[in-house]
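Have the structure open while you read.

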Amino acid sequence: MKIREQVARLGIVVAVIVAAVLLLRFVILPESLFSARPHQVETVGREMAKPVHHAGVAACRKCHEEEFQEKYGGKHRNIGCENCHGPSAAHVADPKAEMPRKPREREDCLVCHGYDPSRPNGFPQVDPQQHRPGKRCVNCHEAHDPVPPKAPTDCTGCHGRIEHTKKLSKHALVPCADCHVVADQHMIEPRSALPTKPDSREVCGRCHAAGSTDPLAAKATVNLAKHGGTYVCWDCHYAHLPEGRK
Amino acid sequence: MSNAIPESLIEQLSHQLSQVIGFIYPNEVETQWAILIVVYPYITGIVAGAFILASLVKVFNVVEVQPIYRLALLTALAFMLVAGMPLQLHLGHPERAYEIFFTPQTTSAMAMFGFVYLWYLMGILLIEIWFEYRHQLILMAQQARGLMKPVYGALSLFSKDVSPEALAFDKKASKIVTIIGIPSAFLLHGYVGFIFGSVKANPWWGSVLMPIVFLMSAIVSGIAMVMFLYILLSLLRNEKLDMRCLDKIGLFLLVAIIVDFALEALDYIHRLYQSEESIGILTELVSAKLFTSMVVVQLLLGMLLPLLILVLVRTVRFNEELRKLLYFTSSVLLLLGIFSMRWNVVIGGQLYSKSFRGLMAYKMELTGIESLMTALVLLALPFIFLTVLFKLLPPRWMESHAPGHA
Amino acid sequence: MNKREFLRQVVAFLPAAGLLRMLPGTAEARELVGAPPGDYDPTKHWYGMGIDTAKCIGCNRCVEACKAENNVPDEPFYFRTWIERYDIRADGETTVECISTRETRPEQAEPEDPSVVRTFFVPKLCNQCAHPPCVQVCPVGATFQTQDGVVLVDEKRCIGCRYCIQACPYGARYLNPVTRTADKCTFCYHRITRGLLPACVEVCPTQARIFGDLKGQADRLVRFQRVNNISVLKPDLNTEPKVLYAQLDGEVR
């Protein structure tokens, strides 16, 4: 079959280009250029070899067993040393040359313990404006075992959000102890002695049942027998903000 | 560490951070794909559109459009040569770009489609142009003197056969190549749409219609560009315009606009009707961040107005001069409108948070690598390349130098 | 292991790693990914993280530790991990804030807003998906999943096209402005492969973050899966995240 002259010429050019590509790919250029796999393998090695900056509690403990035990007995038992002292792998490698920071300023503690409503219920917090403003926390609280100088007497320290909400509500003047029986032990080891919660409508009825003489509840009494069907009061009324809000 | 970060980047990001409305994931403050990635689909769209217009002549025998056949091919080539540049400039490591060809990952649309169809179309385009110009190149090689003689000789691949059979073969080959080329032109810009359309993380992009919408708007922009150039060149060279040709181009443009508009309208209606979770933030995106660029520029000025003009031109008998003016205006509006569409897709998709809770900003740099200046240079470059191509492969040369063969 | 041995490991680490880097050929011959220190076998592990949002106090120490451990730029535009605060009102209206981009902690908490019925913190990071969309789209294979379930980026081959950053539904990736390559949380791969915890887990004061091995037998994360109702972020996108959330509120995106 006769090939047209122009096709032949074009064919030669295309053939040369294809041949060049094949030659480059399979003969001239190294195979490693054409696969990502060996590079990925190398990357894993490189990644593993990156320097470690945080030593980890186990490393701190080698030299600071005393502090570790002190911390382990207290409320900060589960906080890694480097949370407060910063990355310390360099210190482990050369203790005298690289000293970790010692967070002694107020701000260092307020990072966790300054009041923030989004923190979980039960987490101890202080209002920085009210609680010994200007003073260093470490003056009264030993950082590794931060037992407060006096056992707390009110609930705001750990239940700040509830207290802040209640303060704005109709129950602002109702003490927590009116509805919750709190053992002293709760202030020392909270989870070991949980306060009670109201368990019947009659608990709320003490103030809110019809005929109640409580001056604060005078305008908010109901016929317990008829009001709210068989539900308990707190199914609908959030006790810390009983009037609700739009 | 901070000294290694360019000051201009910190400034840009600080500004963008201050412009955040609502909540965004913190890493979203940086606009990852900026103006250069708006320019890229715009340019490849014109390539695909111009090629498809040219294919109408060869494959569907629309003889009225023959006068702009070579112009369309050269336009496609001129823009094709620039197409890769915005991508190259955008990369964090342009010197590693070869890796896309050496170790393409088969699951990546960017690797696979770009790799195959970019080169496929480049090959198709060059072969097509060669068959179309072969006779002329041979004649130019014969008539040229000095440096240009071997250049044209080489361009003709030292072919010599100008017998009627050979010339007839050229025409046939050209047709076959074009037929093969049409799907690749579709795929060239379809894949760009797929790159966006396949991103499930971003509901502004991730849609089945995206590749098709991109393709249709590419066809609109390609035809509009050829029309624009045809009128402009006839003005600059003081040449007579073939009004039959222009009217035919206008007709194809009208059809393309109607299809494009229908598809884009379908996309919006569908979104609004389905009302998925993202609809809240997306409607806020359009009204707060994209109102001017989308409603005013893309829709009203860039699509509906040219549509109206082109319908008017077909229904009312305007004289030649007025028709030329109207076509020119429409093509300019369309080119602006399609650019705006690319902006609205690329930048728009990065102006809202994937948390659906916030909006961000994009502050385009005026100078620098990823900047307005670079974008304008890249958009001007194809016209410079086209000028060179016109000098090298003059489309009307045969008419004046070999009248019997034109 | 005594103090001396540990010190030797930490310090002699780098030259050993240098040696490892010179062995690409033999590494390729082995199917195991990477030459691990000691007898680390990546196929025996499948790492994940557990997050209990009810425990997070929003101290942001994890974010600081991560930046220090991994050389993440200090600027508030680049995060491998971050903390979000949610305020949810009774009508469902939700306000979210990223507390990690703040310049300083506010002097005093905002006045109490009684219309907020729920408020909490949510730590976020790369989910090290089992079906990662970022790996799928990388044009050059620079980002990949290791055999032990961590998604890494090869900063020597990444071309900085940013496609992976676009593909991540969680906003976990960013372009490192110094290396100009994609970057993200690696679960502190350099730490976990030698038995340490990721830096964020190491410093978390309330164990809101748990690190574990889903292939482990007596493992913290496996237990976490047992005792908690688990959810993941954006499950409808089928990325199969390996960061498991307990107590995840429905408003969290």
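Which strands of chain C does helix α8 (residues 220–227) lie across? This is a predicted model, where local features need pLDDT of at least 70, side-chain atom pairs count only at pLDDT 80 or more, and totals for chains, interfaces and linings use all residues. Residues are numbered from 1 along each chain as its sequence is written, chains are lettered from A and ligands numbered from 1 in the order in which they are written, and side-chain values use heavy atoms, with hydrogens and water left out.

Helix α8 of chain C lies across β1 (47–52), β9, β10 and β11 of chain C, and runs at about 115 degrees to β9(C). Helices (H or I, at least four residues) and strands (E, at least two) are DSSP runs numbered from the N terminus. Contact means heavy atoms within 4.5 Å. Axes are lines fitted to C-alpha atoms, for helices over the stretch in contact, and angles run from 0 to 180 degrees between N-to-C directions.

Those 4 strands make an open sheet in the order β9-β1-β11-β10 (chain C), with mixed pairing. β9 (209–213) and β10 (230–231) of chain C sit at the edges with a single partner strand each, so one side of each has no neighbour in the sheet. Two strands pair if DSSP finds at least two bridges between them.

The other open sheet has 3 strands, ordered β3-β2-β4 (chain C), with antiparallel pairing. Its neighbouring strands are turned by 20 degrees against each other on average, direction ignored.

| Strand pair | Bridges | Opposite residues |
|---|---|---|
| β10(C) and β11(C) (residues 243–246) | 2 bridges | C:I230 and C:A246 |
| β2(C) (residues 81–89) and β4(C) | 9 bridges | C:T81 and C:L125 |
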